[in-house]
Amino acid sequence: MYEAGLLGRDQQLTVLRELLDRLPGAGGAIAFQGGPGVGKSALLRAAAERARTLGWQTLEVAGRHDDAPFSGLCALLRPLLGAADALLAEPTGGILRSMLRIGSGAPPETPKVALAAFNLITTSAAERPVVLIVDDAQWLDVPTRDVLAFLARRASDNPIVVLAAIRGGRIRSRTDVLDVPVLDEPSARRLLARHAATLSPAVRERIRREALGNPLALVELPAAWRPTGPSGSWTHLPVSAALTTAFAGGLGELPAQARDALLVAAVDHVGDLAEILAAASVLAEGAVAVHYLDSAAAASLIRVDRTTLRFLHPVVRSAVLEAETPARRQAANAAMAQVLAEHPDRRTWHRAQSVNGPDDDLADELADAHTSLLRRHGVVAAIWALERSAQLTTDSATRGHRLLRAAEHAYGLGRTSMAHSLIDEAERQELSDADRAKAWWVRDISEADPEPGPARTQARDIPELSSGEPDLALDLLLSRAFRAHRTGTDPALRADVVAAAERLTDTSDPRHIAALALAEPVRYGRTVAERLPSHKTVWYRPDADGLRLCGLAAHAIGDPVRAVDLLGRAEAILREQGRLGLLSETLLTEAADLLLLGDWRRAAHLTEEARRILAETRQPAMAAALTGLDAVAAALRGEAERARELADAVAAWHRTDLVPTLRLARGVARLGEGRYTEAYEELRPLLDQPYDGLRWQGFAAVMPFAVAADRGSSRHEAARILEVIEEAARVTPAPLLHVQLPYARAVLADDSAAEELHMVALGLDLTRWPLVKARTEQSYGQWLRRHRQAARSRTMLLSARTAFELIGASDWEGRSVVQAADHPLPSVTELLSAQEALVARLAAEGLSNREIAERVHLSHRTVAAHLYRAFPKLGITSRSELAPLLNLRNRP
């Protein structure tokens, strides 16, 4: 019933309890199968404890590397063997006694021993049920395993339960098998949180990745943790004796050639079998052939195929490295370097791990190789290379420079703690003025708490600090622009950034473009828009940083269409490169723009990916931004209470840079509840300021602000604020502002001008703006209804409602679109005469004009005339649209 069943831990315990509860009437057998450390022994302990609580007899044995026939069975039955003579008649008792005397003669036949053991256990079970607990059954001697299989087959008809744990392989009986899985990610994180609370986030994440959900590894790796050797990220994880026993118990029994090959494989990380065997031959000073690995494979340490060697679990690799001396590990790296003549980057890397003390030539080679390592093996390899290069470097300034480059990569990877640790180490070196400025910059952009504080650099000092290095100058400029963006409305800081930007010559660099967009999105919106690449631009060598910064600039100036295009292209490259820190920021910015455009399904997909990344990388600033974006999304969906809860959670962080986002979320949420005055008060600060202080949240607030002002009796003040927004619209080409402003004009206009302004708003190209179009159609449809133009209003309102349903948006009428409308659309009877309604319903049922004519006793020409008059009233052009329309109208 449980054959190869993958059940959760609670389900497995339930199965055990049910099996034990069947005693004393009937028994059974179950084998728990899984890798080392997944909890098979814990399940057996739980079963033994329950059996003892119930008063049953428990017989226990754990498999060991012992080939003596029946040695395991002797250990299992020892509590009963003393009474065997009294319980059993001959020849059964004699067979068991001969089993105990193994070594003095030939062992008894297995079938006879199995029957004797069965008789002994069943006789004892007649008084009290017996539970056999067998751990690590794969290490028992073969005769014992055969006897246990015999007992398992016959247990169900007797008050006997056989419970066995086995590493893997085939079970040689018809025993039910339960696969014991590793923990899923949330469970693994919870277990790690209990056992690794004092470790840094970077160490915890590394342990989680290497544990692969294994419970024993998640508990033992934090307990064994210690910084090993140099402080580089490449050092292996220390392992405890318990882990070594569980994962690599047979390591010490391997032949020397096999251990050499495993050590080489452990320092290699690539797994090419030919390279490993060649390097092992160098290390062993003699040929190492593939057959030497048979014993390691048999011990469940590795898996070998024709071309590759893989460790069965990362902990095995760490156990192999932990078992060797530093000198042996260095020798293995030197052997790998010797056989990698055709792979210069890897050769340099292994050479760097094989030396003690500084080596400037090798350090230079490794620093030069880091770019290639970044391209081929990802960001982590590049960080490792730069760290190790710094450790091999004698010059303090050069060492600091290399540590700063590693810190930049760590920031891009999302490892803030690692980045700051590298910066701290770099600042202890004799840095040049330019590198000192770079240290300030990297720390500034990677700050976990981006609250504005005393600036480490002033924008006006950037050209001097950068010492003629254009790249550094642009980096520092961008850092100052981010600070200006966070502070919101500080005109002096924004002017400082613009002045510094004007002193730099490379105005086409994405950093220069992004700096202007972040500091002055309105005043320099047109300049930025002209410098941004269009969707038709061909990037022959796509640059993730360039695409990301251009997308960020488009987002800042209120051009979500172009931002989504650019950020989407950057996203794919960042994901491929493993730069999770920058990827999470990119995903959140792209998701915000998709919310504004109405593509909420894609936005939800991106925010969920960002959520997973942030759970891994622990970026507090991005986590707060994600929660703020969740609040906006909930408000737009009409989930007002959820939006307020999320906004309050973000407010507790006291992040001034997120205040505009929270105002937008709270304002839209209150609007959806019909609390128009409160919505107006939340949204007004986003717009009631000098036009050059507007940000994208203000652009996004224009439509809800107009509705709140109209419904909340604040039209007069809103009209004044709208004049300032009109001034901004004359300066910036921001599409987000220009598609929403016509709607606001129409909503806040006098009744006499409203229809014309609605028509102007609907005349815009809103192909990429379905949500804006739906809001405008809804507003115009409501205006038409108020002016008794029911047929025209029906078309507008139906189109708007359909769009809301497809997007999942609230209709800003105090309800979600899935709720029943307080003001239903005009019914067919309101739009059509009785005769027209009857003809339309028959046509919707599929009848032809002649069939309708016969049914209602009219000529087919009269039927055609009725339909001709009905179609415009219903806002349709063909009879195929009648059926869904009339069904829609008949919905409750």
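Here are legends for a set of close-up views of this predicted model.

The model is predicted, so local features need pLDDT of at least 70 and side-chain atom pairs count only at pLDDT 80 or more, while totals for chains, interfaces and linings use all residues. Residues are numbered from 1 along each chain as its sequence is written, and side-chain values use heavy atoms, with hydrogens and water left out.

View 1. Helices (H or I, at least four residues) and strands (E, at least two) are DSSP runs, numbered from the N terminus. Of the 892 residues, 54% count as buried. Buried means under 20% relative accessible area, exposed means over 50%, and partly exposed is in between (1.4 Å probe, protein chains only). Now for contacts, meaning heavy atoms within 4.5 Å. Among those with a separation of 6 or more, 67% join residues 24 or more positions apart.

**View 2. The largest nonpolar core, with 123 residues.** A nonpolar core is a set of buried Ala, Val, Leu, Ile, Met, Phe, Trp, Tyr and Cys residues joined through side-chain atoms within 4.5 Å. Val-528, Leu-532, Leu-595, Leu-664, Leu-687, Ile-725 and Leu-737 have the most contacts inside this core. Helix H36 (residues 696-711) gives the most to it, eleven residues. Zoom in on Leu-664: leaving out residues up to four places away in sequence, Leu-664 touches Val-632, Leu-683, Leu-686, Gln-697, Ala-700 and Ala-701. Apart from this core lies another one, of 49 residues, including Leu-251, Leu-254, Leu-283 and Ala-332. In soluble globular proteins, nonpolar side chains tend to be buried together.

**View 3. Helices H37 and H38, crossing at roughly 150°.** The axes of H37 (residues 715-731) and H38 (residues 735-748) come within 11 Å. Axes are lines fitted to C-alpha atoms, for helices over the stretch in contact, and angles run from 0 to 180 degrees between N-to-C directions. That angle makes H37 roughly antiparallel to H38, a label for angles over 145 degrees. Their crossing is left-handed, which means the near helix is turned anticlockwise from the far one by less than a right angle. On the H37 side, look for residues including Leu-722, Ile-725 and Ala-729; on the H38 side, those they meet include Leu-737, Leu-741 and Leu-748.

**View 4. Helices H24 and H25, with axes that come within 9 Å.** H24 (residues 470-487) and H25 (residues 491-503) cross at roughly 160°, and therefore they are roughly antiparallel to each other. This crossing is left-handed. Among the residues making the contact are Leu-477, Arg-480 and Ala-481 of H24 and Leu-493, Val-497 and Ala-501 of H25.

**View 5. Ile-207, a buried residue of helix H9.** Helix H9 covers residues 201-211. Ile-207 has a relative accessible area of 0%. Not counting residues up to four places away in sequence, Ile-207 touches Leu-192, Leu-199, Leu-221, Pro-222 and Leu-237. Val-315 is 108 residues from Ile-207 in sequence, but their C-alpha atoms are 9.9 Å apart in space.

**View 6. Helix H17 (residues 344-352) and what covers it.** The buried residues of H17 are Asp-345, Arg-346, Thr-348, Trp-349, His-350 and Ala-352. Their cover includes helices H12 (256-268), H13 (273-284), H16 (326-339), H18 (360-377) and H19 (379-392).

Methods: Angles under 35 degrees count as roughly parallel, over 145 as roughly antiparallel, 65 to 115 as roughly perpendicular and the rest as oblique.
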